[in-house]
Amino acid sequence: MEPQAYVDAVATSFSRLWQRAGVSHDRFIRTTDPRHRAIVQAFYQRVRDNGFIHSGRQQGWYCVACEEYKDIDAAVAADSASDGGRAAPPSCSIHQRQLEWRDEENLFFRLSLFQERIAALVHRPGFIAPQSRQREIQNFVAGGLRDFSISRVDLPWGIDVPDQPGHTFYVWFDALLGYVTALLDPAEPANLTRAIAAGWPAQLHVIGKDILRFHAVYWPAMLMAADLPVPAKVFGHGFLTREGQKMGKTLGNTLDPAALFERVGVEPVRWYLLRDISFGDDGDFQQQRFLDLVNNDLANTIGNLLNRSISMTRRWFDNALPADPGCAADPSHPLAIAAAKATAEATAAYEAQDLKRAAETALALATAANAYLNAQAPWTAIKHGELRQQVQADLYAVLDCCRIVGLLLNPLVPNFADRLLAQLGVAPLESERSAKAGSWLEQSRWGGLVAGAPLPEPELLLARIELDGPL
């Protein structure tokens, strides 16, 4: 296949998968965008004018899949160099494929000149998360930064280096600038100054742990060389294994996301990954654990709570929320206190990219509402006329807790959360996803349900998942 046709197909598959997975984005940027070419060349010119580009020779073992040179023992490299790299090539530890020996004239970025500034940056509290990743990068920087190649020769596919015939930009010098190109509106012409003014520096980069070095060391140094600010934070997430084993085609234990979504649904997968695995750590996909968590958390704890609370309320209060709940404006109500605590904890967890804790906090609020409902036993109290007002307050409190649970769950399982809110007569949060965080917090305040408003008939939020074989 021609390179353009190949990458068009790959990009389309990713775009479709993000849509299927409910992953929203403001921009889907591709480095084949003509405007990106102009941004990269303008950035390069700025870095070159500042004196941080030089010519040199690049020798070493290269992984095509990683698109980087590997640090190989000097003796091995010397033996291979002596016979043109033909003797027993070493393998890439990540891709398990033989490395290629390369020896060519390249352009280099003077990374070594940024040793002190980068060392200070990677020791800055909060710049790299989680902490285990920070220590890894600190050790890498402490070993000494070396200039790295930013061009390749005789490759027709890529962005041309200005005034350097035969040179195209090395992928990482080019691709990282996609964050800047993406700041432009689709109709805007390519202009580096305008793109920077549109929203740089980034508040947060979320990337895989295997490319953390490029984002936490190379990228900040490149920005410094162009007199531009560095991102505020870089977060490196982990990888998945399956039932304790590394996934691989040879083992036949890979998980195809599209097939997985088709069989069990998108949101159960999202919930399991974000609820059970600390974001930033490696995780293990276990089928029975997946079933237990999805069925217990979403179908039982949250789904059953909502269904039975709505059913009782509709039956006893004319298919509507209680007209005089009494507790709507009472911040001292036990569930109001629990909801305020959960909202504060979930907000802090999201700010820290602690998605597991955010999920557990929302679930804990649903569990508290279940316990309160069981303790108050409105099905018994309603039989006594003098307790009718208490029943109104109890059911309103539980349903408002359900509403707040839906709000807290929205970033993790948005469709599930929207269906939950719809059953309470609350509009979905689609518009809130692009709004300021303050409006989300405002909606999370106690007493948000409108007393006396019609209450839709309950529907099954999530059916229990039963599987008769391995995923």
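How many bridges join S4 to strand S9 (residues 234–237)? Two bridges do, and the two strands run parallel. The legends below start with the whole chain and then move to close-up views.

This is a predicted model, in which local features need pLDDT of at least 70, side-chain atom pairs count only at pLDDT 80 or more, and totals for chains, interfaces and linings use all residues. Residues are numbered from 1 along each chain as its sequence is written, and side-chain values use heavy atoms, with hydrogens and water left out.

**View 1. The whole chain, with 18 helices and twelve strands.** Helices (H or I, at least four residues) and strands (E, at least two) are DSSP runs, numbered from the N terminus. Along the principal axes, the C-alpha atoms fill a box of roughly 95 × 50 × 40 Å. The chain has 471 residues, and 46% of them count as buried. Here, buried means under 20% relative accessible area, exposed means over 50%, and partly exposed lies in between (1.4 Å probe, protein chains only). A contact means heavy atoms within 4.5 Å. Among contacts in the chain with a separation of 6 or more, 75% are between residues 24 or more positions apart.

**View 2. The three-stranded open sheet S4-S9-S8, with parallel pairing.** Two strands pair if DSSP finds at least two bridges between them. The edges of this sheet are strand S4 (128–129) and strand S8 (205–208), each pairing on one side only. Four bridges join S8 to S9, and these strands run parallel. Look for Phe-235 in S9: Ala-129 has Phe-235 as its bridge partner, and Val-206 stands opposite Phe-235 too. As background, strands of a sheet pair through backbone hydrogen bonds, either parallel or antiparallel.

**View 3. The four-stranded open sheet S2-S1-S3-S5, with antiparallel pairing.** At the edges are strand S2 (68–70) and strand S5 (148–149), and each of them pairs on one side only. Strand S1 (residues 53–63) is joined to S2 by three bridges, and the two run antiparallel. Within this pairing, Cys-63 stands opposite Glu-68 in S2.

**View 4. Helix H11 (residues 266–276), a mostly covered helix.** Ten of the eleven residues of H11 are buried. Among them are Trp-271, Tyr-272 and Leu-274, along with the charged residues Glu-267, Arg-270, Arg-275 and Asp-276. Arg-275 counts as buried because its relative accessibility is 12%, and this residue returns in the next view.

**View 5. A salt-bridge network around Glu-360 and Arg-275.** A salt bridge is a side-chain nitrogen of Lys or Arg within 4 Å of a carboxyl oxygen of Asp or Glu. Glu-360 forms one with Arg-275, and their closest N and O atoms are 3.9 Å apart. Glu-360 lies in helix H14 (residues 355–376) and Arg-275 in helix H11, so the pair ties together parts that are 85 residues apart in sequence. Glu-360 counts as partly exposed, at 31% relative accessibility. Glu-360 also forms a salt bridge with Lys-356, where the closest N and O atoms are 2.6 Å apart. Both Lys-356 and Glu-360 lie in H14, four residues apart, which is about one turn of the helix. Through shared partners, salt bridges join Arg-275, Asp-297, Lys-356 and Glu-360 into one network.

**View 6. The salt bridge between Asp-33 and Arg-35.** The structure holds 18 salt bridges, and in this one the side chains meet at 3.6 Å, N to O.

**View 7. Thr-343 in helix H13 (residues 334–351).** Thr-343 counts as buried because its relative accessibility is 9%. Leaving out residues up to four places away in sequence, Thr-343 touches Ile-404, Leu-408, Leu-441 and Ser-444.
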